[in-house]
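This briefing covers salt bridges in one structure. The sequence and the model come next, followed by the points grouped by topic.

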Amino acid sequence: MVQNTAAELETRVKSLLSRMTLAEKAAQMMQIPFFMVTREEALLWARRGAGSFLHVLGDDARELQKAALETRLGIPVLFGIDAIHGHALNDRATIFPSQLSGACSWNPSLIEEMGRVTAREVATDGLHWTFSPVLCLGRDTRWGRIDETFGEDPFLAGELGAAIIRGYQGDRLDDDESIAACAKHYIGYGEAVGGRDACDTEMTFRKMREVFLPPFRRAVDAGVATVMTAYGSIDGTPFTASEKSLKSILKEELGFDGFVVTDWDNVNSLVSRQHVAADLDEASLLAANAGNDMIMTTEAFYESAIRLVESGRLSERVLDTAVANILRIKLRMGLFERPEKRGKPGCFACAEHLDASLRLARESVTLLKNDGVLPLSKPISRIAVIGPNADDIRAQYGDWTYFSQPVANPGRTPQRPYTTLLEGMRARAGEQGATICYHPGCGVLPDPADDLDGALEAARGCDVIILALGDVEEQTGEFKDRADLSLSGKQEELFLRLTGLNIPIVTVLISSKPLCVPRIVAGSSAFLAAFNGGMFGGQAIAEVIFGRINPSGKLPISFPRHSGQVPVYYNQLPGWHGDKYVDLPETPLFSFGEGLSYTRFTYSDLRVDADAYSIRFTLKNEGGRAGAETAQVYLRDLVSSVLSPVKRLVAFQKVWLEAGESREVVFALRREDFSLVLPDERRVVEPGEFMLSVGGSSKDEDLISVTIYLR
Ligand code: BGC
């Protein structure tokens, strides 16, 4: 198919617009939740010319599309779905590690592959659009949606976000295997007060530009087709009504040329939850004028928009602009020529796709403590696998699967293939002639069936205990923020009882976010974070435990020691009085960037060329086996007119080295990497001294540094 040139595209958009009635324009702006309306209502919306439906699959989608194509103008419907870590609301699809888990790989090419595989499967389901990636930052770990983020750092989130967008959208949106991506939630959603989902955001526009905008800028530069408006508010203005953030910054300044979709019922929320509009007409007026092009689920917007234009309160040109933005994407996707994507028949959970999920899971397992117990080596004949998350596929998957949001499998029956940690351990132990003794011990949530004695009995006499703790789907997602980030139920008690056996314990955290586990880390011989590792999360952890895989994950997010310490993100602004708490150190339990290997890497010969903004150093694998190290480059502006972070990530690269091998690593930075945002919101580079540091984590002791002067 020949893609329209920009001029042809505009001609087609104009021609369509000129033929659309006011009602058709208002309908084109609507996105209807299929499962919230009756079939008749859905068909009525399609006949009215609704622009989009969400969460509809297969024949239902085909029926709606047919109805839309039979309308006067035959504008095709765009079908959207939350394919957040794989097309996971469909139980036949490949399920990947969560964004947070996958981010531990620090491997953009694997994340791109995750996007590509997801796109292929979504397209094969006849759908066009995923509401992914989440580019919010996971800085307040009380927030329920930390699992959906790429972690706490703007640069890492931007790099991985751009990678997954490339994967989803491919080279061309009209490709049969490409789908539209959606950068969300614009903006600062994760920065809500108290970690409380959808509340006001503790953010100014300066801070927004400094910290939260960069990943979205990266997404726009990567050509993201759509952006979703966040639920929150900035300085008293809901983002839904913020012309400055949507129109001035996103569209005009960043040059975003796709369309903006609101989040769920944002327009109605201006009336019912945020109380800045007296009625729906007023809310619709605010939302339309602010630059929202498509309205998710607030059905009353349709009537309101028509009324507002007819009464002269809203200019029809506002609707024209919104509809043009939507039509442009539909045209670029080739939907007018071919309304249903074909994808790649037979690709659902095919060997190639499953392998992509496994490879990402392997690179995402993060070893955070090891006194030498790992990798397990002979003579080990009996291994205890204990804990509530050792054999629970729901906990391993986390949010946004057919368990939490069933679209195609209302029965929520686990579908193979997948491998839990217990299954992975059994497979590996079998190869080594070791026996597995399994007992869950307790539930993640308190449960009458909790049986700590049983777990102790199972573990007694074993050579090592693999203990899988964490959280469950009921503790993660929207409406599921946590005030207390310690382990729930009897998990900590289970651990303490097990320590009484004097058997080395390897604790594995299978969770949606960092939990506060200082005592567990202190009392364990080894500690691994796996987060929600997808279909093969359990296999990947077992492979690391047995040393089949040399771990290479690094934390994309810091671990607090205690809920009261939150937030503990590494790129804080400098302050006074050092260790603030009288009862705890200020440092996190584990810092951003941390992660061990079974080999050892050293950094030396750090040199910079200030004129070329380049930095080079030697990275050496000093240990006895091949492995991968993610080299991280941090920058500090030593004197700046506004507070600058104590350090911030500006570059990284995952490097594979054989035992004994060394390599010179070179990073070319850009002048804008040295910039900051002034109180008047301008981004500038202030000449002066900067410190550049490289190393294997964000911790001072893991970094070597050099100071440069920038003119
Ligand atoms: C979430 C979005 C999601 C949308 C559609 C909202 O509640 O905040 O992230 O894409 O629902 O399911």
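Buried means under 20% relative accessible area, exposed means over 50%, and partly exposed lies in between (1.4 Å probe, protein chains only). This is a predicted model, in which local features need pLDDT of at least 70, side-chain atom pairs count only at pLDDT 80 or more, and totals for chains, interfaces and linings use all residues. Residues are numbered from 1 along each chain as its sequence is written, and side-chain values use heavy atoms, with hydrogens and water left out.

**Salt bridges overall**

- The model contains 56 salt bridges, each defined as a side-chain nitrogen of Lys or Arg within 4 Å of a carboxyl oxygen of Asp or Glu.

**Arginine 12 and glutamate 337**

- A salt bridge links arginine 12 to glutamate 337, with 2.9 Å between the closest N and O atoms.
- Arginine 12 is in helix 1 (residues 6–19) and glutamate 337 is in the loop between helix 13 (316–332) and helix 14 (351–364), so the pair ties together parts 325 residues apart in sequence. Helices here are DSSP runs (H or I, at least four residues), numbered from the N terminus.
- Arginine 12 is partly exposed at 28% relative accessible area, and glutamate 337 is partly exposed at 42%.

**Arginine 460 and glutamate 457**

- Arginine 460 and glutamate 457 form a salt bridge of 3.4 Å, N to O.
- Arginine 460 has 42% relative accessibility and is partly exposed.

**Arginine 663 and glutamate 661**

- A salt bridge of 3.5 Å, N to O, joins the side chains of arginine 663 and glutamate 661.
- Arginine 663 is partly exposed at 35%, as is glutamate 661 at 27%.

Conventions
Helix = DSSP H or I, 4+ residues; strand = E, 2+ residues; numbered from the N terminus.
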